[in-house]
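Please keep the sequence and the 3D view at hand while reading.

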Amino acid sequence: MEKKSIIEAQEFNAKHFTKRILFREGESTVFVLNFMPGQQLPAHKHPGTNVYLMVLQGSGTLTIDGVPSEIIEKDVILAGGDEEFAFINNGNDHTTLYVMLNKIPDERYVQNI
């Protein structure tokens, strides 16, 4: 077992959002993204990966494939890696997103048992 504190990973920087990795094992990574008001995550993709997000605190606008959606504390989101997503903290408080990236097996290499 390995235990970590989210509180220790909630580091905010006035110049840019922060990313703090909690766990990395095989092709899975778990981390938190911390945003001060006005900070944003540029649009990007994670091909071949499922992206799971949970809003631990705060709020903002998550844009997936050009469609904006307001997200608030305790919301959970699943985005496919081929979907382009971005985030902006357009609120007045700090926002922390818990993120888990999981590689999707390539079906060409999965054997049927």
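## Valine 32

In which strand does valine 32 lie? Valine 32 belongs to strand E2; strands (E, at least two residues) and helices (H or I, at least four) are DSSP runs numbered from the N terminus. The model is predicted, so local features need pLDDT of at least 70 and side-chain atom pairs count only at pLDDT 80 or more, while totals for chains, interfaces and linings use all residues. Residues are numbered from 1 along each chain as its sequence is written, and side-chain values use heavy atoms, with hydrogens and water left out.

Valine 32 counts as buried because its relative accessible area is 0%; buried means under 20%, exposed over 50% and partly exposed in between, with a 1.4 Å probe and protein chains only. Valine 32 and leucine 53 are 21 residues apart in sequence, and their C-alpha atoms are 9.3 Å apart in space.

## Threonine 96

Threonine 96 is found in strand E9, which spans residues 95–103. It is buried because its relative accessibility is 0%. Its side chain forms a polar contact of 2.9 Å with the side chain of glutamine 10. A polar contact is a pair of N or O atoms within 3.5 Å; within protein, one must be able to donate a hydrogen and the other to accept it, and residues adjacent in sequence count only if both atoms are side-chain atoms.

Leaving aside neighbours within four places in sequence, the contacts of threonine 96 include Gln10, Phe12, Val32, Met54 and Gln57.

## The nonpolar core

The largest nonpolar core has 17 residues, and Leu97 and Val99 have the most contacts inside it. Such a core is a set of buried Ala, Val, Leu, Ile, Met, Phe, Trp, Tyr and Cys residues joined through side-chain atoms within 4.5 Å. Among the elements that give two or more residues to this core are strand E2 (28–35), strand E4 (49–57) and E9. In soluble globular proteins, nonpolar side chains tend to be buried together.

Valine 99 is in contact with Thr29, Val30, Phe31, Leu33, Val51, Tyr52 and Leu53, leaving aside its neighbours within four places in sequence.

## The open sheet

Four strands form an open sheet in the order E3-E8-E5-E6, with antiparallel pairing; two strands pair if DSSP finds at least two bridges between them. Strand E3 (40–44) and strand E6 (67–72) are the edge strands, each pairing on one side only. E3 and E8 run antiparallel and are joined by three bridges. Histidine 44 stands opposite phenylalanine 85 in E8.

How values were computed. Contact means heavy atoms within 4.5 Å.
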